[in-house]
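This report describes a protein model for a reader who is new to structural analysis. Please look at the sequence and the structure before reading on.

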Amino acid sequence: MKTMGQNSKSKRRLALTVVVVALLTAVPGVLDPETSYVVFLLFSAFIYVALAQAWNLVSGYTGQVSLGNHAFFGLGAYVIAIGWSRGLIGYLDPLGMLLAGCAAAILGILVGIPLLSKLRGDYFALGTLGLGEILRLVTIQGRALTAGPTGIFLPSSSFTTIVPYYFMALFLALLATGVTYYMVKSNTGLALVATRDDEAAAAAIGINILKFKVLAFAVGAFLAGLCGALQAYYVFHVEPQGFFSLSWTIYPVLMCVLGGVGTLTGPVVGAVFLTAAFEVAKYYLPEIHPIFSGLLIILVIMFLPNGLVRLRRGRIVRNPKAA
Amino acid sequence: MMMTLRGPRLMGLSLVFVAAMMLGLPTAVPAADKNEIVIGATLPLTGMLSMMGAEQKWAYEQAAADINAEGGIYVKEYDKKLPVKLIVADNETDAGKAVAAIERLVKVDKVDFLLSDSTLPLVMPTAVAAEKWKVYYHATICLLPPWQEQKFKWSTDYFFDGAQATAVPFEVLDTIPEADRPKKLALLAEDSTDGRILGPIFKEAGKQYGYEFDYEEPVAVGSKDYSSQILKLKSKGIDGAILFAGSGDCVTFVRQMKEVGLNLKYLHGYKGTWGTEFWNALGQDAEYILADGFWSETYPYPRAEEIGERYYQNFNKRSVSIGLFYALCQTLFQAIEAAGTLDGAKVREAVLTTEFKGTVMGDIKYNPDGTAVFPLAAFQWQEGLLRRVYPFVEGASPVLIAPPWDKR
C-alpha cells in the first residue's frame, strides 16, 4: 500500500511529466518547424527514446540482451515501403504503421520462441545479432519484392511538413515509455524482473519464464517495427544497408547504458543526451567525432556504469549523512 | 531536502541541455546581409567510403579556395562577387545519417546549395532530402537510371553512362592483337547495389562487342576467402576477367589468385583497383591490372595537370577521381554566375541550359532531364603508376598483357 509520501511523489512526477509533454507538444508552435533544426533533432531523439525503451524492456527488465533491434526496425520499414509502393497503404497511414509493428512482433514471436527457449546470455545476443544480417541479405536478394540492394523509393512529393512526423515520433516515445511503465508496474513486470534476477527461482514459484520472455521480446519488436515504419516515411528510400544497420541497435543500447539500464527514465535521458552530444560533436568535429563519441561512451561506462539516473542515488548511498 | 535527479525532472533537464546545445550552434546570416554563398555537402568522412569522401572533400575545398582567390562568384542580384563558404558534414557512410546531415546543413547552416554525396546509396536519399527542403543539389557518382526514375526537380546528376562504362573493357580488348587476347572471360561483380545493376549491363556490352562470358558469379562483399571461386576459374581455363569489387576485396582476390596460381592475361578491375592503397597492398603483384577511373590528370583539359600535381604534392599519391569533383564545383559556380541569383530553382535551370566550357573534365552539357555524362576512363598499373589506356585521346598508353606470375 502506498504511503502519503509516495502518493505525493507520484503526483509530483505525473505533474512534471505532463508539463514536459505539454512543452514538447508546444515546440512546433513556438519554433518554425520548417527552419528550426531543434524540431528535427527532437524528432530523432523521440525515435531513439522509443528504440531505447524497446531494448530496455527486453534487456534491462527481462535480462535478455538482444542485439536484434535493427532487424525489427528494418522489417517495419520494409512493410511500409512494400505496402505503400503497391498502393496497399497510404502516406503516414496509422494502419500501415500498426501492420509494420505487428509484422515485427510476429517475427519476434517466431524467432523468440526457439532462441529464448534454447539460448542464454551471450549466445542469445549472438543469435539475435544474426537475425538482422539474415534479413539484410533476404532484402538484398528479394528481387522485385524488395527492389534488391537498391531498395524501394517512395513518393517524396507527399512530404509537406515535418510537423506530423514530430508528433508521431513523440507519440511513439510516449507509447514506448507508457508500455514499459505499464508492464513493469503490473504482475508481468514482477515476472520479468524475477526472471532477470534468478530464472531458476522464478520457474520454481510457477512463472512461465518462456512466455514472459517472448512477450517482452515481441513487445520490444513491435515498438522497434513502429520506429522503422516512421523512419521509412521520413526518408522515402528504404534500402538494406541503412535500415538493417547495426547502429539502430547499438545506439539505443548505448543510450540505455548511459541513462540507466532497467529504469524507466534512463533510456529517455540517455537518448536525449546522446542525440544532442553526437550532434554537437558532428558539427564541431566533423572528421573526428567518432573519437569524441567513443571517448564519451568509455568515460560513461567507467565512471557511471549504472547510468545517469542512478548517479545521485549512488552518491546518497555512499554519503549516509546526505541521506 | 536532497533533490534527486530522477524521473521527469532529469528528462526536463536533458531537454534544456539539448536546447542549450542547439543554441550554441551557429546561426545563419540573414538573407538581406548576404555576403557569402554557403554551399554544403554531406560526405562519408568516416566509415567504409571514407577514402572516397576524403578525396571528394579535398577537391571541393580546392575548388572553393580557387574561386575565392579570384574574388568569388559574381552574382548579378547583389551586383558583387560573393566568396564561397563550404561546409562539409560527415555521414559516417550511412544513408540515415546523411539525411540527418542534410537537415542540419539546410536548417542550421542555411546552405544555398548542396554538393554531391558519394555513391548511389548515399546520393539518392540525400537527393530526396534536398527535394523535401527545396534546395538545389548538384549531384554526381549516382548511376543515372535510378536517379532518372525519380524525376527529381531539385537536383541534377553528372555521371558516366552505364553502357559506355561497361563497354570500356571490350574496347580496350579490341586494341590487343587477336592472338594475344584472352580466350575465356569471367564476370565477377560484387553482390552490392552497383554490382547488381552493372552486372547485366556488362553482359549486354560484351555481346555487342562479340565477347561472351564463360563464367559469371557474384563476389561476396568483405569475404576473406575467394579461393573456391578462383579454383573454379582455373578449372574452366579462364584467362581474362572483369572484377567489380571494393578495394579490400580486390586485394584479397589478387593475392589468392597468385597463391592458387591463376594467371589472368587481362584483369580489368572496377571500383577497387585504382587506389594507391591497392598498389601499396600488392606491390609488384598489382602490375598489369587495370582500373576504372572518373578522371585523369593526363586529360588535355585546362588545369587538369595542375590539380593532379597539387593533389600529389599534398598526399604523395595520384587520384583518378578528384577532377570529377573539382569539375562539379566549376559547373555549379559557372551556373550561379549565369543565373545571377542564389535562387536554387533558377540555378538549376542555368545548369540545364549552360554549356560549361573548359572544366578539368572538358566541356560539359546537361540534358533537359537533369543528367550529364562523361566517359569512364581506364588505367593500367605499369611500373607502379596508373597509366591511362582509355579513352584513346592524347596521352593514352597502350595496354599490356600480363605475363605468367613467375615471369613478372
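**Conventions**

The model is predicted, and local features are given only where pLDDT is at least 70, side-chain atom pairs count only at pLDDT 80 or more, and totals for chains, interfaces and linings use all residues. Residues are numbered from 1 along each chain as its sequence is written, while chains are lettered from A and ligands numbered from 1 in the order in which they are written.

**The chains**

Helices (H or I, at least four residues) and strands (E, at least two) are DSSP runs, numbered from the N terminus. Chain A has 15 helices and two strands. Its radius of gyration is 20 Å, close to the 20 Å that the globule rule gives for 323 residues, so chain A is as compact as a globular protein of that length. The radius of gyration is taken over C-alpha atoms, and the globule rule is 2.2 Å times the number of residues to the power 0.38. Chain B has 13 helices and 17 strands. The radius of gyration of chain B is 24 Å, close to the 22 Å that the globule rule gives for 408 residues, so chain B is as compact as a globular protein of that length.

| Chain | Span of the C-alpha trace |
|---|---|
| Chain A | about 65 × 50 × 40 Å |
| Chain B | about 80 × 65 × 40 Å |

A residue is buried if 20 or more other C-beta atoms lie within 10 Å of its own, exposed if 12 or fewer, and partly exposed in between; the C-beta atoms are placed from the backbone. By this count, 51% of the 323 residues of chain A are buried, and 53% of the 408 residues of chain B are buried.

Two residues are in contact if their C-beta atoms, placed from the backbone, lie within 7 Å. Of the contacts in chain A between residues at least 6 apart in sequence, 77% join residues at least 24 apart. In chain B, residues 24 or more positions apart account for 67% of the contacts with a separation of 6 or more.

**The nonpolar core and its helices**

A nonpolar core is a set of buried Ala, Val, Leu, Ile, Met, Phe, Trp, Tyr and Cys residues joined through C-beta atoms within 7 Å. The largest such core has 231 residues, and those touching the most other members are F46(A), A50(A), L51(A), A169(A), L172(A) and L230(A). Helix α2 (residues 37-61) of chain A gives the most to this core, with 20 residues.

Apart from neighbours within four places in sequence, F46(A) is in contact with A169(A), L170(A), L172(A) and A173(A).

L57(A) is found in helix α2 of chain A and counts as buried because it has 27 C-beta neighbours inside 10 Å. Beyond its neighbours within four places in sequence, L57(A) is in contact with T62(A), T180(A), M183(A), A216(A), V219(A) and G220(A).

**The domains of chain B**

Chain B is divided into domain 1 (35-160 + 302-374) and domain 2 (163-299 + 377-407), with bounds from an automatic or database domain assignment. The C-alpha centres of the two domains of chain B lie 30 Å apart. Across the boundary, 17 residues of domain 1 of chain B are in contact with 17 residues of domain 2 of chain B. On the domain 1 side, the largest share, four residues, comes from α11(B).

**Local features of chain B**

Most residues other than glycine have a negative phi, and most peptide bonds are trans. K110(B), which is not a glycine, has a positive phi of about 50°. K110(B) is placed in the loop between α3 (95-107) and β5 (113-115) of chain B. Y288(B) has a positive phi near 75°, and lies in the loop between α10 (276-282) and β12 (290-293) of chain B. A cis peptide bond, with omega about 0°, joins Y390(B) and P391(B).
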